[in-house]
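Keep the model open beside you and try each task before reading its solution.

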Amino acid sequence: MELKAGQRLKSAVCATEMMVVKGKGDIDLRCGGHSVVAHGTDASGEPIADGFDTGTQMGKRYADDDLGLEVLVTKAGKGSLSIGDAPLLQKDAKPLPSSD
Amino acid sequence: VSDVVTSGPLQGIRVIELANEISSWAGRVLADLGADVIVVEPPAGALQRTQGPFLDDIAGVERSLSWWYYNTGKRSVALDLGTASDGAALERLVASADVLLTAGAVDVSRFRTDPSLITVSVDHPEPLTDLTLLAAGGPVWMCGYDDHSVPPIRGGGNQGFHIASHWAVIGLLVALLQRELNGEGQHVDVSALAAVNVTTEVGTYGYLSSGLEVWRQTGRHAGAAASMPTQIRCADGRYINAGILVRRGPEFAQMLRWIESHGLRAEFEGAVFLEMGTEYEVVRSADLLDPVVQQIMMSVRDAQQFVASRVSAYDFFVSAQQHGLAAGVIYSPDEVLDDPHFLARNWPVEIHHDDLDRSFTYPGVPIRFTGTPAAVGGRAPRIGEHQFLAE
């Protein structure tokens, strides 16, 4: 799927919603073992694939430094993110912006 | 004899200052504002005259740049206050004055027989240095680095003395106003320790109101919780302080225009998040619970880092300011004197030292008065240069 920063996506098989923070190009981003779909698309109803069921966490970032991809989970779900079959790892938390 | 200019708003006010490095900045400010400040020092010279650096790196009581800086626009009378005759001379001087300015353990009660006299004391622990004052008052705890295994640090310069002096000037000006109303002077007692403590921003009141314990942070205010770094290294290796993050929709739009002004908008991937920011009237603290809003806010710092990686710190500073975005190039203090903004204001001034037939650049007065212009007076006086005043 062609990705670009700011794009909103969702899992085809669980409640996970996300936004692309960094990265662009044709990237095989998956959730629950199935390719993610555009925000607003109906779920496929298929089951989460075995091994891709550890879940996503709201507000966490997941990244692949080699691809330069970073996604922000805006709604948690039961599927887990991957690029193809390779799990997408959660990034260390950044400090919240402060007023000072 | 130094040429003392008294055109400022305090013209006509005479101040007798007992030389002391803690209150000498107060005397300097009063002189800048036009007061006739007469500094009384021992016959061998004030202690401040022994502090370097010295002119041409040659030590001498008339060559101390510290003395020069803190005593422009003043006149000097040398008195040995241990002798009855000089003690009487001081009393005559004070009788001719509106204000007696002192620091430390000086008993001013014998001068209070004149009901219109204002006496100002900067009270402080004895013994004292600027370092111990800032340490005991709180600021040192709050100054340093994110790495708290690194000890606290203290900013350079006599900042504790300056803070105490500023409060002394504030107290004195209010007492002068009060004297205008009822003709009566009073004693103004400034606690140096309290003065520096009230500059600790959130430190003291955060603790008193909420039990917060603040910690020092690199290049930004101390806080109870870690905030984002604000210092960004630019393409020329110099640093910018990018300040606080923008929060209002129009500011996000300005930020996009700023990036565009550098021809970098197409390259900056995070522009899409700044565009989202333009849809907010203002991003409020409660909004930050939304991870998308967090991303919008982080894109501000990402944008600053992106631009910083491609322009010099000075260009960052000027271009951001031109777009209404707060940013400060991190200058060394001497570089400020060459900044075109300050030069346009004629802020640095040349002071002629007639005794050396040389001129030197001094920082000017930061206040402009349209009716009663203030100005740095002449060079600092030599020891007892105006001794006739005590006769």
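**Exercise 1.** Find how much space lies in the largest cavity, and which residues line it.

*Solution.* Step one: the largest cavity of this predicted model holds about 60 Å³ of space. Here a cavity is a set of points, on a 1 Å grid over the protein atoms alone, where a 1.4 Å probe fits but cannot get out; its volume is the space filled by probe spheres set on the points.

Step two: look for residues with an atom within 4 Å of a point. Among those lining the largest cavity are B:Trp67, B:Trp68, B:His353 and B:Asp355.

Step three: sort the lining by class, which gives four nonpolar, one polar and five charged residues.

Step four: count the cavities of 30 Å³ or more, and you get two.

**Exercise 2.** Describe how chain A meets chain B.

*Solution.* Step one: with contact meaning heavy atoms within 4.5 Å, 22 residues of chain A touch 19 residues of chain B.

Step two: the area buried between chain A and chain B (accessible area, 1.4 Å probe, lost on being put together, summed over both) is about 1,800 Å², and carbon and sulfur atoms give 65% of it.

E3(A) gives the most, with four residues.

**Notes.** Residues are numbered from 1 along each chain as its sequence is written, and chains are lettered from A in the order in which they are written. In this predicted model local features need pLDDT of at least 70, side-chain atom pairs count only at pLDDT 80 or more, and totals for chains, interfaces and linings use all residues, while side-chain values use heavy atoms, leaving out hydrogens and water.

Terms used. Buried area = accessible area lost by both parts, 1.4 Å probe. Helix = DSSP H or I, 4+ residues; strand = E, 2+ residues; numbered from the N terminus. 1 Å grid on protein atoms, 1.4 Å probe; cavity = no way out; pocket = protein on both sides within 12 Å on 5 of 7 lines; lining within 4 Å. Nonpolar A, V, L, I, M, F, W, Y, C, P; charged D, E, K, R; others polar.
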